[in-house]
Amino acid sequence: GVDHPDVAISMSGMANLLRNQGKYDESLALFQRSLKIQEKVLGIDHLEVAGTNNNIGAVLNSQGHYDAAITHFQRSLNIFKKSSVEDNHVVSAVLNNIAESLFRQGKYNESFPLFQRSLEIDEKLLGVDHPDVATSLNN
């Protein structure tokens, strides 16, 4: 049916494709539909909901809607914290996304500790010589 979690997964896949093509409005609409299904069927604190909030934030960030993006990134981060998932690569990515949104607004003092925390997580999980750590250092 239309509210099945697999439908939400398919929508998210299409939304990612549209985002990669720069079709942000279409991508956002699909991610938002996917989120509604996930929240209804899986619950608002499910890790899939966290991932979709992060994806919505990424689209909004690409559109220059930084405060709205941060709201979705923060929702994602809060779900991970409630699930006792705090030191993994996805959390690092969400922290990096929040930091990037703040940085783009010129809020450098607010962004730096988040970039730093993201880097610490990546170094701990991946080792200091991993390519993803180098990417974090560039930020």
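Leaving aside its neighbours within four places in sequence, which residues is serine 12 in contact with?

Reply: The model is a predicted one. Serine 12 lies in helix H1, and, with its neighbours within four places in sequence left aside, its contacts are Phe31, Ser34, Gln38 and Thr52. Serine 12 has a relative accessible area of 10%, so it counts as buried, the limit being under 20%.

These contacts lead to a pair of packed helices. In general, two packed helices are described by the angle between their axes and the distance between the axes. For helix H2 (residues 24-42) and H3, the axes come within 9 Å and cross at roughly 160°. Angles over 145 degrees count as roughly antiparallel, and H2 and H3 are therefore roughly antiparallel to each other. The crossing of H2 past H3 is left-handed. On the H2 side, the contact is made by Tyr24, Ser27, Leu28, Phe31, Gln32, Ser34, Leu35, Gln38, Glu39 and Leu42. On the H3 side, it is made by Glu48, Val49, Thr52, Asn53, Asn55, Ile56, Val59, Leu60 and Ser62. By type, the residues of the contact of H2 with H3 are 9 nonpolar, 8 polar and 2 charged. Phe31, Ser34 and Gln38 of H2 and Thr52 of H3 belong to this contact, and serine 12 touches each of them.

H3 also packs against another helix. Helix H3 (residues 47-62) and helix H5 (residues 89-104) have axes 11 Å apart, at an angle of about 20°. Because angles under 35 degrees count as roughly parallel, H3 and H5 are roughly parallel to each other. Their crossing is left-handed. Asn54, Asn61 and Ser62 of H3 meet Val94, Asn97, Glu100, Ser101 and Arg104 of H5 in this contact. Its residues divide into 1 nonpolar, 5 polar and 2 charged.

Beyond these pairs there is the largest nonpolar core, with 27 residues. The members that touch the most others are Ile56, Leu77, Phe80, Val91, Val94 and Ile98. At least two residues of this core come from each of helix H1 (5-20), H2, H3, helix H4 (66-82) and H5. H4 gives the most, with 6 residues. Phenylalanine 80 touches Leu47, Ala50, Val85, Val90, Val91 and Val94, not counting residues up to four places away in sequence.

Notes:
Residues are numbered from 1 along each chain as its sequence is written. This is a predicted model: local features need pLDDT of at least 70, side-chain atom pairs count only at pLDDT 80 or more; totals for chains, interfaces and linings use all residues. Side-chain values use heavy atoms; hydrogens and water are left out. Axes are lines fitted to C-alpha atoms, for helices over the stretch in contact, and angles run from 0 to 180 degrees between N-to-C directions. Helices (H or I, at least four residues) and strands (E, at least two) are DSSP runs, numbered from the N terminus. Angles under 35 degrees count as roughly parallel, over 145 as roughly antiparallel, 65 to 115 as roughly perpendicular and the rest as oblique. A crossing is left-handed if the near helix is turned anticlockwise from the far one by less than a right angle, and right-handed if clockwise. Contact means heavy atoms within 4.5 Å. Ala, Val, Leu, Ile, Met, Phe, Trp, Tyr, Cys and Pro count as nonpolar, Asp, Glu, Lys and Arg as charged, and the others, Gly among them, as polar. A nonpolar core is a set of buried Ala, Val, Leu, Ile, Met, Phe, Trp, Tyr and Cys residues joined through side-chain atoms within 4.5 Å. Buried means under 20% relative accessible area, exposed over 50%, partly exposed in between (1.4 Å probe, protein chains only).
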